[in-house]
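This report goes through one structure, topic by topic. Please look at the sequence and the model first.

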Amino acid sequence: IDEKLRESYLADHVKSVKSHIDELSKKAYDNAPGTLDYVFMFIPSEAAYAAALQADPGLWEYANSKRIALVCPMTLLAVLRVVNFMWTQQKQIESVEKVFERGRLLYEKAASFVDSFLSMHSSIKSACDAADKTYKLLASGKGNLISQAESLLKVGVSPKKKISSKVLTEND
């Protein structure tokens, strides 16, 4: 084949590859949610891939600047494995983030529970203290209600109902 004709075909090939790079870049596939930062452009022939890069050594950088990664049959499997690995890593990161968020929520719930428990405990303690104070007024303190009521019996009061002996024995 004539060298000028070969160079013309090669220039057309590079122009076609660049045109496809530009078209892919305009579609902004890399901006879609859940995608990678690059779009892969598959050139199905090793020879066509090598010829394009050999004819235009800046082609790879040109594609890279448009966030397009050129791949050929020899590199496709490796690239797909890397992508699979990256997606697996991303899913693991998202799972870890969810676990940390659940952990944060659980810890905050525990902190709220402790606050609520301490408040309830304080209220119960206050109620017990008030009950003890009231019991002293009723049955054990100096001049308590029961001893005063019982002293009425000594002066002849005859009630129909008497104070529980349980309280009277606790008071002794």
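## A buried aspartate and its partner

Asp56 is buried, with a relative accessible area of 17%. The model described here is a predicted one. The side chain of Asp56 meets that of Lys18 in a salt bridge, with 3.1 Å from N to O. This pair links distant parts of the chain: Asp56 sits in the loop between α2 and α3, Lys18 belongs to helix α1, and 38 residues separate them. Lys18 is partly exposed, at a relative accessible area of 28%.

The structure holds seven salt bridges. Glu101, Arg104 and Glu108 are linked in a network of such bridges. Between Arg104 and Glu101, the closest N and O atoms are 2.4 Å apart. Arg104 and Glu101 are separated by about one helical turn, because they stand three residues apart in helix α4.

Arg104 also forms a salt bridge with Glu108, at 2.7 Å from N to O. Glu108 and Arg104 are four residues apart in helix α4, so about one helical turn lies between them.

## The nonpolar core

The largest nonpolar core has 14 residues. Those with the most contacts inside this core are Val17, Ile21, Met41, Ile43, Leu59, Ile68 and Leu70. At least two core residues come from each of α1 (3-27), β1 (39-42), α2 (46-55), α3 (59-65) and β2 (68-71). Helix α1 supplies four residues, the largest share.

What does Leu70 touch, leaving aside its neighbours within four places in sequence? Leu70 is in contact with Ile21, Met41, Ile43, Tyr49, Leu53, Leu59, Trp60 and Ala63.

## A nonpolar patch on the surface

Nonpolar residues also occur together on the surface, where Phe113, Val114, Phe117, Leu118, Met120 and Ile124 form a patch. Together these residues have about 600 Å² of accessible area. Leu118, one of the patch residues, lies in helix α4, which covers residues 73-140.

## Cysteines

How many disulfides does a search of the whole structure find? The search finds zero. Is Cys72 buried or exposed? Cys72 is buried, with a relative accessible area of 2%. Cys128 counts as partly exposed, at 41% relative accessibility.

Definitions and conventions:
Residues are numbered from 1 along each chain as its sequence is written. This is a predicted model: local features need pLDDT of at least 70, side-chain atom pairs count only at pLDDT 80 or more; totals for chains, interfaces and linings use all residues. Side-chain values use heavy atoms; hydrogens and water are left out. A nonpolar core is a set of buried Ala, Val, Leu, Ile, Met, Phe, Trp, Tyr and Cys residues joined through side-chain atoms within 4.5 Å. Buried means under 20% relative accessible area, exposed over 50%, partly exposed in between (1.4 Å probe, protein chains only). Contact means heavy atoms within 4.5 Å. Patches are made of residues with over 30% relative accessible area and no salt bridge: like charges are joined within 9 Å, nonpolar side chains (Val, Leu, Ile, Met, Phe, Trp, Tyr) within 5 Å. Accessible areas come from the Shrake-Rupley method with a 1.4 Å probe; for residues, only the protein chains shown count as cover. A salt bridge is a side-chain nitrogen of Lys or Arg within 4 Å of a carboxyl oxygen of Asp or Glu. A disulfide is a pair of cysteine sulfur atoms within 2.5 Å.
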